[in-house]
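Open the model in your viewer and keep the selection panel handy.

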Amino acid sequence: MISGDITVARLLDAHPELIEVLASYHPHFKQLQNRLLRRIMAPRVTVAQAARMAGVPADELLAVLRRAVGEPAPAPHPALSPEGRGSE
């Protein structure tokens with residue numbers, strides 16, 4: 001499953017088609033189309049860090065990436081769902 005702590009390099013090694021998905025998602029990611037910049041930056045930056053650098057929510061970026069490769073959305077954590085909060 002694609003997560004925020006995977007490096008952009010590992011993500012793109014596994015799913016090279018995501019270069020275009022990222023480039024169309026936000027102008028900041030168009031830099032990934034440049035092979036030299038990709039080789040320099042991608043191994044050093046996680047998906048969550050890349051989202052912060054672009055000023056986009058990491059959860060939103062992860063959802064876009066997961067949809068693009070056909071991964072299901074992760075189940076919400078029970079403690080964070082309304083049903084798991086208990087009565088107040």
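**Stop one: α4 against α5**

Select Val 47, Ala 48 and Ala 51 in α4, and you will find them meeting Ala 58, Leu 61, Leu 62 and Leu 65 in α5; contact here means heavy atoms within 4.5 Å. The residues of this contact are seven nonpolar, no polar and no charged, where Ala, Val, Leu, Ile, Met, Phe, Trp, Tyr, Cys and Pro count as nonpolar, Asp, Glu, Lys and Arg as charged, and the others, Gly among them, as polar. Helices are DSSP runs (H or I, at least four residues), numbered from the N terminus.

Before moving on, two notes on what you are viewing. This is a predicted model, with local features needing pLDDT of at least 70 and side-chain atom pairs counting only at pLDDT 80 or more, while totals for chains, interfaces and linings use all residues. Residues are numbered from 1 along each chain as its sequence is written, and side-chain values use heavy atoms, with hydrogens and water left out.

Now turn the view to look at the two axes. Those of α4 and α5 come within 9 Å and cross at roughly 120 degrees; axes are lines fitted to C-alpha atoms, for helices over the stretch in contact, and angles run from 0 to 180 degrees between N-to-C directions. α4 and α5 are therefore oblique to each other (under 35 degrees is roughly parallel, over 145 roughly antiparallel, 65 to 115 roughly perpendicular, and the rest oblique).

**Stop two: α2 against α5**

From α2, select Leu 18, Val 21, Leu 22 and Tyr 25; their partners in α5 are Glu 60, Leu 61, Val 64, Leu 65, Ala 68 and Val 69. By class, this contact has nine nonpolar, no polar and one charged residues.

**Stop three: the cavity**

Which residues line the largest cavity? Select Val 8, Leu 11, Leu 22, Phe 29, Val 47, Ala 50, Leu 61 and Leu 65. On a 1 Å grid over the protein atoms alone, a cavity is a set of points where a 1.4 Å probe fits but cannot get out, a pocket is an open set with protein on both sides within 12 Å along at least five of seven lines, and lining residues have an atom within 4 Å of a point. The lining divides into eight nonpolar, no polar and no charged residues.

**Stop four: the pocket**

Finally, select the lining of the largest pocket, including His 28, Gln 31, Arg 38 and Met 53. α3 (35-41) and α4 each supply at least two lining residues, and the largest share, three residues, comes from α3. Coloured by class, the lining shows nine nonpolar, two polar and one charged.
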